[in-house]
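Visitor: I would like a close look at a single part of this structure. Please take me through the aromatic side chains and what surrounds them.

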Amino acid sequence: QVQVVESGGGLVQAGGSLRLSCAASGSRFSFNVMGWYRQAPGKQRELVAAITRIGSTNYANSVKGRFTISRDNAKNTVYLQMNSLKPEDTAVYYCNARVWNGLGLDDYWGQGTQVTVSS
């Protein structure tokens, strides 16, 4: 069974930093893309950042210059370094791991970790 486990959320003051980690395991196929999504109360889930196995990245405009995504392929782990946090970054952050199974794409999700930024 594929497992996706996040950690690193918490409460931080505006301007502070947090580092999220996500470890994926149990797939017979490579995790082609790993990324982070977030969902605030009353809002849709949105992509924050994603990274491919070769290191290509994509960021939401709202976090460019503040957040950095990275991954360790040997550990199937993705990280999100969040700096200069703002209250509007408050949300549940979900790790996503995507695989190509030979016929199509499979997406696996973590349980979510709460990030709260106080003003």
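How many aromatic pairs does the structure hold?

Guide: Keep in mind that this is a predicted model. The structure holds one aromatic pair. Its members are Tyr37 and Trp109, with ring centres 5.0 Å apart.

Now place the two rings along the chain. Tyr37 belongs to strand S4, while Trp109 belongs to strand S10, which covers residues 105-109. They are 72 residues apart, so the pair links distant parts of the chain.

Next, look at Arg45. Its charged end sits over the ring of Trp109, 5.0 Å from the ring centre. The charged end of Arg45 also sits over the ring of Tyr94, 3.8 Å from that centre.

Tyr37 leads on to Tyr93. Tyr93 touches Tyr37, and its other contacts include Trp36, Leu80 and Met82. Those names return in the largest nonpolar core, which has 29 residues. Trp36, Leu80, Met82 and Tyr93 have the most contacts inside this core. Several strands supply at least two core residues each, among them S3 (18-25), S4 (31-39) and S9 (91-100). S9 gives the most, with five residues. In soluble globular proteins, nonpolar side chains tend to be buried together.

Key
Residues are numbered from 1 along each chain as its sequence is written. This is a predicted model: local features need pLDDT of at least 70, side-chain atom pairs count only at pLDDT 80 or more; totals for chains, interfaces and linings use all residues. Side-chain values use heavy atoms; hydrogens and water are left out. A nonpolar core is a set of buried Ala, Val, Leu, Ile, Met, Phe, Trp, Tyr and Cys residues joined through side-chain atoms within 4.5 Å. Buried means under 20% relative accessible area, exposed over 50%, partly exposed in between (1.4 Å probe, protein chains only). Helices (H or I, at least four residues) and strands (E, at least two) are DSSP runs, numbered from the N terminus. Contact means heavy atoms within 4.5 Å. Rings of Phe, Tyr and Trp (its six-membered ring) pair if their centres lie within 6.5 Å; planes under 30 degrees apart count as stacked, over 60 as edge-to-face and the rest as tilted. A charge sits over a ring if NZ of Lys or CZ of Arg is within 6 Å of the ring centre and within 35 degrees of the ring normal. Lists of a residue's contacts leave out its neighbours within four places in sequence.
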